[in-house]
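Please look through the sequence and the model below before reading on.

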Amino acid sequence: MGYVASDPLTTFTPQVRDWFTRAFAAPTEAQIQAWPAIAAGEHTLISAPTGSGKTLAAFLWGLDRLVAQPAQDDERRTRLVYVSPLKALSYDVERNLRAPLKGIGGDIQVAIRTGDTPQKERQAMLRTPPDVLITTPESLYLMLTSRARDIFKGAEWVIVDEIHAVAQTKRGAHLALTLERLDLVAEREVQRIGLSATQRPLEEVGRFLAGTGRKCRIVDTGVRKPLDLEICVPVEDMKEPSSDPQVLDPATIDGTAVTSRSIWPAIYPELLRLVRAHRSTIIFVNNRRGAERLAVRLNELALTEDSGPVIARAHHGSLAREERQVVEELLKSGELPCLVATSSLELGIDMGAVDLVLQVESPKSVTRGLQRIGRAGHGVGEVSKGRIFPKFRADLLECAVVVQRMRTGEIEETVVPRNPLDVLAQQIVAIVAGGDEIGAPELHELAKRAYPYAELTRDVLDSVLDMLD
């Protein structure tokens, strides 16, 4: 259901309204519909395509309240928590918050807590809690299990970004229990705001976000990202080509020339041609080894044609944070034409003016395909341009099905896992380790409020407790 408002900015403070009207021509549809629901205190799920302004839709009301109702230094606490499934996305959001915070003014402190956060910064958060904490599901869980939990007393909002990336996994069940524990520490029902790419059915993701027995306002803009999408087959015949990258390169292996038929000698030049024809390109592959090898091969091929600078760098989760940030900034600034990435860049990270996404091999799902191709044309209303390169005949068939469904929006159905007891056991140990005094009946009620455990019986919980005992 949509909201109708003559001016969606009327509920904000003057300084927030002034900044927004200076920075943007007009609110997006996601913002117009989401702000009234968030301002009313409703748990809200915002579903909109990449580049639709949904992150600012989630943040702006909380930032406005922090300006309108600032805390005294001796009362400072973390009032707004942002949870991202990716560390890289956490740092990206922190960078993107700098502009509104500078424009809005006010004394709003923002901090990041992930596995990469130095101990010195962690201690500083305990002494002076930030108004806004940007974190990951695992780091939030650890904070609630330590003395850092005290900074969340009185927390008011929690934003769960890219919620579709965790809702179907045990990681999502773990996060659902962590959100219930956050309510327990905050001594209130913290308002939950979820951000999602298109999912089916949205009602299921909304139930996962809000928890059992709570209502969730679903903001669905009903808009799909415009796509310029093609499958590229750079050979005339795909009969029996090898897809093993160890025998793909037109080179030698252990001094022996490669003689098996391979599609890669045809793919490499085409990838390089497309990279050179565009300002900024992300090439997605399905594993880290492939990302490293493809980046090296593109650079070698480019070097044989000219003696210019490096054309491609790899980006994946095994790289150190500092190295990831360096290559991301190189791409954003236009100094690096291409990044070869795994899933480390497929979520909502703003990589600047990327105008082309290349996918080598099928993305394996419609949702993942839309997520990855959506990295191109990240701005509001821009077209996402993508080219997909199958590696063998069965892969071509899969690519054809995925692309057809991407064009029609036929994404996979979301299925939330039910009662993963290993996750429940871990959370119970954390509750006890954190010093919480809670009886079995109260623990049962807390667990059932998390949507994945809505059907948890007392007998099953007692069995888990007996096992742990």
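In which helix does F59 lie? F59 lies in helix α3, which spans residues 54-68; helices here are DSSP runs of H or I with at least four residues, strands are runs of E with at least two, and both are numbered from the N terminus. The model is a predicted one, in which local features need pLDDT of at least 70 and side-chain atom pairs count only at pLDDT 80 or more, while totals for chains, interfaces and linings use all residues. Residues are numbered from 1 along each chain as its sequence is written, and side-chain values use heavy atoms, with hydrogens and water left out.

F59 counts as buried because its relative accessibility is 2%, where buried means under 20% relative accessible area, exposed means over 50%, and partly exposed lies in between (1.4 Å probe, protein chains only). Not counting residues up to four places away in sequence, F59 touches L80, Y82, V93, L97, V132 and I159, a contact being heavy atoms within 4.5 Å. F59 and W157 are 98 residues apart in sequence, yet their C-alpha atoms are 9.4 Å apart in space.

From here the nonpolar cores can be followed, each being a set of buried Ala, Val, Leu, Ile, Met, Phe, Trp, Tyr and Cys residues joined through side-chain atoms within 4.5 Å. In soluble globular proteins, nonpolar side chains tend to be buried together. The largest nonpolar core in this model has 46 residues, and those with the most contacts inside it are F152, V158, L424 and Y453. Helix α8 (residues 170-186) gives the largest share of this core, 8 residues. A second, separate core of 37 residues includes F20, I38, L89 and W157. Returning to V158, its contacts, leaving aside neighbours within four places in sequence, are V81, V83, L179, L182, V190, Q191, R192 and I193.

Helix α16 (residues 440-449) shows how burial can be arranged along a helix, for L443, H444, L446 and A447 are buried there. Seen down the axis of α16, its buried residues fall within an arc of 165 degrees, so they line one face of the helix; the arc is that of the directions from the helix axis to the C-beta atoms. An α-helix has 3.6 residues a turn, so residues three or four places apart point the same way. Among the elements that cover the buried residues of α16 are α8, α15 (421-433) and α17 (458-468).

Several loop residues also deserve a look. S84 is found in the loop between β2 (80-83) and α4 (87-104), and S84 counts as buried because its relative accessibility is 0%. Apart from neighbours within four places in sequence, S84 is in contact with L89, S90, T135, T136 and P137. P129 lies in the loop between α5 (119-127) and β4 (132-135) and is buried, with a relative accessible area of 10%. With neighbours within four places again left aside, P129 is in contact with R76, R77, T78 and I151, and from P129 to T78, 51 residues apart in sequence, the C-alpha to C-alpha distance is 5.8 Å.

The loop between β14 (356-360) and α13 (366-373) holds E361, and K364 is found in the loop between β14 and α13 as well. E361 has a positive phi of about 80 degrees although it is not a glycine, and K364, also not a glycine, has a positive phi of about 80 degrees. E361 is buried at a relative accessible area of 14%, whereas K364 is partly exposed at 46%.

Taken as a whole, the chain comes to 17 helices and 15 strands, and 51% of its 469 residues count as buried. Residues 24 or more positions apart account for 75% of the contacts with a separation of 6 or more. By the rule that a disulfide is a pair of cysteine sulfur atoms within 2.5 Å, the count comes to 0 disulfides. Among the cysteines, C232 is buried at 14% relative accessibility and C399 at 0%.

As for confidence, the mean pLDDT (the predictor's confidence in each residue, from 0 to 100) of the chain is 87, and 90% of its residues reach 70 or more. Confidence is highest in strand β5 (residues 157-160), at a mean of 97, and lowest in strand β9 (residues 252-253), at 34. Over residues 241-259 the pLDDT is below 50, and this stretch has 41 contacts in the model beyond near neighbours in sequence.
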